[in-house]
Amino acid sequence: MHFLDQAKIFLKSGAGGPGAVSFRREKYIEYGGPDGGNGGRGGDIVFEAVAGLNTLIDFRYAQHFKAARGGHGMGRDRTGKGADDLIVKVPVGTQVLSEDKEEILADFTKVGQRITLLEGGMGGRGNASYKSSTNRAPRQHQPGEPGEEMWVWLRLKLLADVGLVGLPNAGKSTFINQVSNARAKVGDYAFTTLVPKLGVVRHKGRDFVLADIPGLIEGAAEGAGIGDRFLGHIERCRVLIHLIDIAGDDPADAMRTVESELEAYGAGLEDKPRIVALNKLDLADGELADAFGEELKAAGADAVYPVSGATGAGVEALLDAVLGYLPEVTTLESESGGGAPEESDPSDSEEEGDGTWSPI
């Protein structure tokens with residue numbers, strides 16, 4: 001499945017149906033009078049968040065959404081049929097923005113959430129509604145109100161509890177494969193991850209969603225590398241795991257580079273709690289890990305967790321620290337009816353699954 005997190009679409013609600021001009025004509029009834037009915041109401045444009053979607057790829061091929069027009073009024077005082085609403089289904093985490101991207105019109109954070117974005121036009125009045133003591137045979141009617149129309153942007157921000165950030169080749173894909181059911185591509189070259197990846201982590205009876213985004217490099221806020229466009233997918237995270245390559249040139253400099261890009265992006269990312277993890281412990285000895293850990297603390301890290309995404313060493317302690325930032329019940333747990341039990345089997349730290357499964 002192709003990943004697409006932005007799309008521009010056109011919306012138009014249905015116009016109201018016109019009222020009818022009609023007069024009663026029946027045998028033996030000399031003065032039947034007007035009996036034209038009102039027009040039906042046009043269809044609304046309704047957005048609905050549904051489960052099972054994690055991309056906006058469908059909106060690349062269908063970009064115009066127009067609701068049906070209301071039915072015409074008819075004789076014998078018959079009102080036209082109201083048009084059905086047009087339901088636009090979007091993934092959970094989708095935001096609907098104005099055409100200039102300056103205003104958030106809707107934000108979908110729960111499955112089943114529905115918002116009427118554009119209302120259909122009211123049906124026009126038929127000539128029967130104009131009848132009065134001084135106007136016995138009215139011939140005027142209303143054509144029905146026009147529908148509303150607008151261009152909007154859809155922007156998807158994946159719902160995850162924990163975000164994974166770091167430079168390219170920091171071992172983020174290997175790490176998310178180690179702790180979750182994700183099947184991210186792993187390669188010995190930069191920018192192996194080109195789109196965000198989601199994985200479900202199960203640790204000590206708790207379930208939460210971990211999001212991995214493409215690596216950041218210096219100047220990402222100005223478009224260097226893949227840029228910072230995917231940082232929006234971790235805006236909703238409660239905590240960030242900053243993965244640093246122990247085999248890199250300067251771990252402290254790597255930490256400062258990523259933090260400066262988060263600050264340049266804004267949107268509150270610079271203020272989110274961060275857990276610093278020194279990855280690829282299998283490529284260095286304990287003495288080197290301790291030395292780099294002290295350098296990272298001197299550079300501003302509160303604590304440093306040496307881990308190995310390849311072997312799983314140190315991962316349990318890191319995940320223990322993550323649990324401290326989670327709510328009593330995560331979104332994933334509330335959907336499944338689960339919670340946080342007092343004890344659990346440590347063997348539940350991993351769960352096999354299909355990499356295409358979406359936790360949202």
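Analyst: Happy to! Take Glu48 and Arg114, whose side chains form a salt bridge at 3.4 Å, N to O. The term stands for a side-chain nitrogen of Lys or Arg within 4 Å of a carboxyl oxygen of Asp or Glu. Before we go on, this is a predicted model, where local features need pLDDT of at least 70, side-chain atom pairs count only at pLDDT 80 or more, and totals for chains, interfaces and linings use all residues. Residues are numbered from 1 along each chain as its sequence is written, and side-chain values use heavy atoms, leaving out hydrogens and water.

User: Which parts does the pair of Glu48 and Arg114 tie together?

Analyst: Glu48 belongs to strand 2 and Arg114 to strand 7, so the bridge joins parts 66 residues apart in sequence. Strands (E, at least two residues) and helices (H or I, at least four) are DSSP runs numbered from the N terminus.

User: Is Glu48 buried or exposed?

Analyst: Buried means under 20% relative accessible area, exposed over 50%, and partly exposed in between, using a 1.4 Å probe and protein chains only. Glu48, at 17%, counts as buried, while Arg114 is partly exposed at 47%.

User: Which residues are linked in a network of salt bridges?

Analyst: In general, side chains of opposite charge can pair when their charged atoms come close. Here Arg41, Asp44 and Glu119 are linked in such a network. Arg41 meets Asp44 at 3.9 Å, N to O, and Glu119 at 3.7 Å, N to O. Glu119 sits in the loop between strand 7 and strand 8 and Arg41 in the loop between strand 1 and strand 2, so that pair ties together parts 78 residues apart in sequence. The whole structure has 12 salt bridges.
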